[in-house]
Amino acid sequence: MNILTGNDLPTGDVIWWTGAGWSRHVADAVDVGTTGETTGAAEEALRRVNNPYVIEATDTADGPRPAHIKDRVRALGPTVRPDLTLKPDDAAAIAQVI
Amino acid sequence: MYKYDQYDQSIVDARVDEFRDQARRRLAGEITEDQFKPLRLKNGLYLQLHAYMLRVAIPYGTLDSRQMRKLAYIARTYDRGYGHFTTRQNIQYNWIKLEEAPDILADLATVEMHAIQTSGESIRNVSSDQYAGASADEIADPRPWAELIRQATTFHPEFSYLPRKFKIAVIASAEDRAAMRLHDIGLRLVANDAGDLGFEVYVGGGMGRTPFIAPLIRAFLPVDHLFSYCEAVLRVWNRTARRDNIHKQRVKILVHQMGAEAFAAAVEAEWQEILPNKSDVPRAEFDRIAAYFTPPAFEAGDREPDRADPDFAVWLDQNVKPHKHPGYAIVNISLKPIGGIPGDASADQIDLMADLAERHSFDELRVTHAQNIVLPHVRKADLYTIWQALVDAGLAESNLDLISDIIACPGLDYCSLANARSIPVAQKIATRFAGRQRDLGELKLKISGCINACGHHHAGHIGILGVDKKGTENYQLLLGGSGAEDASLGKITGPGFSEDGIVDAIERVTDQYIAVRQDGERFLDTYRRVGMDGFKEAIYG
């Protein structure tokens with residue numbers, strides 16, 4: 001599957017396209033098929049996302065899992081600071097990134 | 001240390017106002033990201049893996065307690081309670097919001113700080129020896145010259161659109177603590193036979209994907225011509241460098257392609273053209289700058305500290321260095337706790353170090369390129385008090401220049417350029433060797449998460465380079481590098497390793513070192529004696 005990501009313009013937060021808007025959680029991302037670039041450009045023009053791009057992901061029971069480790073780190077947060085990730089209470093989250 | 005005059009303050013304040021308007025226009029949609037990106041980069045604001053990242057300049061690594069406290073304030077107020085001291089004596093914050101960035105720059109300006117020229121194709125923060133003004137082996141304090149270069153190159157219109165970034169280091173001792181020859185221009189202050197001061201000028205060093213050690217292009221440059229000669233170097237490069245391939249545009253590539261002799265001749269010819277323009281900074285202006293670096297009022301007396309506490313004695317031996325004035329010492333505060341993140345410090349720790357500097361080090365701190373902090377002027381009588389405070393704050397690791405004193409870039413945990421994580425590898429190595437690092441002696445280990453080499457892996461006695469191997473992190477091992485006065489570039493040992501495999505490989509390297517070292521040999525000495533062949537079988541079997 002292909003998912004669309006980028007950064008929130010004012011805050012820089014990593015965000016994912018949900019089909020109807022943007023979420024901080026990759027689990028909310030939807031398959032954009034071949035429409036990701038068009039959607040990203042339109043959303044960027046409205047300043048709802050900065051620097052959008054499409055990545056490959058695998059559809060899992062927990063939601064989309066980005067194919068590349070860089071995007072998995074991006075989706076969770078720094079593996080060396082679990083307290084600063086999006087899942088500070090999930091001890092297994094970092095192992096799933098790697 | 002240097003204090004802004006009205007002109008300095010006004011240009012920094014004006015830059016804050018300018019950036020505030022640029023950020024407003026970006027947020028309002030009046031300019032695109034493509035238009036805004038070069039503007040934010042000119043103010044040190046990157047878009048990194050998780051958020052915006054702000055790199056703040058710390059000129060030649062020198063700052064006072066008021067500035068240090070402001071860095072803590074920014075970490076606490078705008079970031080997530082910590083900052084990361086970098087391999088170029090700066091600090092960067094990883095969780096910045098664009099909408100708050102102008103306020104941060106305004107706060108920095110209140111303490112004579114900024115983020116100007118910490119990114120982009122500009123002349124970056126001038127780096128220097130962290131022991132400047134304190135070390136007995138220096139010929140003079142190099143910082144007034146570093147400050148002169150900083151002032152002369154800040155917003156210099158001719159150098160605003162350079163082919164690539166440009167880094168300058170200034171030192172004044174035979175021992176190189178600033179990796180001087182791995183800079184675009186490396187300057188070493190020396191005296192000639194007549195006792196006149198001048199500079200050895202090295203040009204074309206650097207790390208990155210194509211590392212070079214800078215060759216000497218002028219053995220003695222009279223100090224009064226420092227700026228015009230640097231100007232000539234920059235002009236030759238600016239005029240001649242390629243601009244069609246970002247990987248071929250640094251001055252090191254030009255020097256390598258032309259040859260040091262031909263490059264030096266071109267600079268010399270350009271310099272002769274420039275000299276009649278009298279662009280050098282007048283001696284009176286240098287004297288004005290130098291007056292800010294007058295040594296502090298050291299007290300008389302020389303009482304050695306009581307070494308009864310064994311942990312304190314270890315710290316004294318490892319982290320405290322001799323000072324030029326009797327009764328004083330240089331304190332290195334390690335930001336490398338075992339298992340910690342190299343270079344990171346919490347807001348509370350930054351405040352604590354500011355307090356110690358104010359009370360015990362004539363209000364001065366230094367940031368080192370090895371990502372540690374220095375209190376340059378400490379009374380020996382105060383050392384035990386300082387150590388106790390550092391212990392309480394988790395800042396008393398006694399590991400300066402040992403294997404756990406690792407330089408590491410932020411790597412894939414934070415950096416959008418990285419291919420592999422650096423920090424977890426550093427943590428595992430430090431933890432593995434914590435109990436036996438003193439037996440290994442001086443061993444500088446440096447890790448980069450990509451070929452851009454922010455972690456100085458080329459210059460590590462042991463270097464590690466993280467690469468992407470079909471979507472998996474892989475680590476290449478290098479041996480034999482040095483960023484010191486005996487500068488050398490490390491060589492890759494062979495095939496790379498997994499994250500755990502690289503830690504095991506380093507253990508095999510250090511075991512082999514212990515097996516073959518001769519009396520008094522550092523790891524690097526042994527490597528240079530036995531060569532790669534002396535280690536390769538131990539590594540790969």
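Strand 8 (residues 185-191) and strand 9 (residues 197-203) of chain B pair in the antiparallel sense, over 7 bridges. At one point of this pairing, Ala191(B) stands opposite Leu197(B) of strand 9. The model is a predicted one.

Both strands belong to an open sheet of 5 strands in chain B. The strand order is 6-7-8-9-10, and the pairing is mixed. Strands of a sheet pair through backbone hydrogen bonds, either parallel or antiparallel. Strand 6 (127-128) and strand 10 (216-222) of chain B stand at the edges. Each has a single partner strand, so one side of each is left without a neighbour in the sheet.

| Helix (chain B) | Residues | Lies across (chain B) | Angle |
|---|---|---|---|
| Helix 5 | residues 143-153 | strand 6, strand 7 (168-171) and strand 8 | about 155° to strand 7 |
| Helix 6 | residues 226-240 | strand 8, strand 9 and strand 10 | about 15° to strand 9 |

Strand 8 of chain B lies under helix 5 and also under helix 6.

On the scale of the chain, chain B is divided into domain 1 (6-109), domain 2 (142-291), domain 3 (310-392) and domain 4 (407-540). The centres of domain 2 and domain 3 of chain B, taken over C-alpha atoms, are separated by 32 Å.

Chain B also meets chain A. In this interface, 22 residues of chain B are in contact with 20 residues of chain A. The side of chain B that touches chain A has 12 nonpolar, 3 polar and 7 charged residues.

Technical notes
Residues are numbered from 1 along each chain as its sequence is written. Chains are lettered from A and ligands numbered from 1 in the order in which they are written. This is a predicted model: local features need pLDDT of at least 70, side-chain atom pairs count only at pLDDT 80 or more; totals for chains, interfaces and linings use all residues. Two strands pair if DSSP finds at least two bridges between them. Helices (H or I, at least four residues) and strands (E, at least two) are DSSP runs, numbered from the N terminus. Two residues are in contact if their C-beta atoms, placed from the backbone, lie within 7 Å. Axes are lines fitted to C-alpha atoms, for helices over the stretch in contact, and angles run from 0 to 180 degrees between N-to-C directions. Domain bounds come from an automatic or database domain assignment. Ala, Val, Leu, Ile, Met, Phe, Trp, Tyr, Cys and Pro count as nonpolar, Asp, Glu, Lys and Arg as charged, and the others, Gly among them, as polar.
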